[in-house]
Amino acid sequence: MVDSSFRHSAGFGKRMEYKIVGDMLMEGLDCYMPLVDDHGVDCVIKREDGVFIEVQIKARSKEVTDGDAALFAGITHELTPNFYFVFYSERLGKTWILSSEEFLQECVTNKSGKNVGKHSIWFNGNKKNKDTGIKEEYAYPKFDKYLAVDYSRFHTSGNN
């Protein structure tokens, strides 16, 4: 039997990019996917007001280490107008949308080590269930303002 765990993990991010862009298309957004992803842009959207925005999609599979369901680390980013992140956690079943500015306000920046200067954001924590004694992951309520059930934020400039 062939071990497909690497194949699954290597392709998960790309599959999620296509799924999320497909969802955006179903909402009527005009989405364009670059052929090369060397600028951290997975999708360009032309909003209804004619403004183009860039989107980077980050996804975590349900297979990640316990406690890391919504940990997104090692992100290189500088403040960029009309730039957004879509963060998706498969295990938590949640999506967060942050502008470039919001991301830089909420993230932590590594001060040392091999990833010095790179950014990380952790949308979840772990707590022990009082009844079962089992550790459970949960989304931090402080990020609820970024939770998204759709992509309406991308439709017009009034949703920034």
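Modeller: What follows covers the chain briefly and then its aromatic rings. This is a predicted model, in which local features need pLDDT of at least 70 and side-chain atom pairs count only at pLDDT 80 or more, while totals for chains, interfaces and linings use all residues. Residues are numbered from 1 along each chain as its sequence is written, and side-chain values use heavy atoms, with hydrogens and water left out.

The chain has two helices and 10 strands; these are DSSP runs numbered from the N terminus, helices (H or I) having at least four residues and strands (E) at least two. Of the 160 residues, 38% are buried, meaning under 20% relative accessible area, with exposed over 50% and partly exposed in between (1.4 Å probe, protein chains only).

Now the rings. A pair of aromatic rings is described by the distance of the centres and the angle of the planes. Rings of Phe, Tyr and Trp (its six-membered ring) pair if their centres lie within 6.5 Å; planes under 30 degrees apart count as stacked, over 60 as edge-to-face and the rest as tilted. The structure holds 12 such pairs. One of them joins tyrosine 84 and phenylalanine 154, edge-to-face, with 5.3 Å between the centres and 70° between the planes. This pair links distant parts of the chain, 70 residues apart: tyrosine 84 is in strand S5 (residues 83-89), and phenylalanine 154 is in the segment after strand S10 (135-139). Tyrosine 84 is buried at 4% relative accessible area, and phenylalanine 154 is buried at 0%.

Another pair is phenylalanine 85 with phenylalanine 103, which is tilted, at 4.5 Å centre to centre and 40° between the planes. Here phenylalanine 85 lies in strand S5 and phenylalanine 103 in helix H2 (residues 100-106), 18 residues apart. Phenylalanine 85 is buried, with a relative accessible area of 0%, and phenylalanine 103 also counts as buried at 0%. Both belong to one aromatic cluster, formed by Phe72, Phe83, Phe85, Phe87, Trp96, Phe103, Phe123 and Phe143.

Phenylalanine 154 has a further neighbour in leucine 29, which touches Met24, Ile45, Tyr151, Phe154 and His155, not counting residues up to four places away in sequence; contact means heavy atoms within 4.5 Å. Leucine 29 lies in the loop between helix H1 (5-26) and strand S1 (30-32), and is buried, with a relative accessible area of 4%. Its C-alpha atom is separated by 6.9 Å from that of histidine 155, 126 residues apart along the chain.
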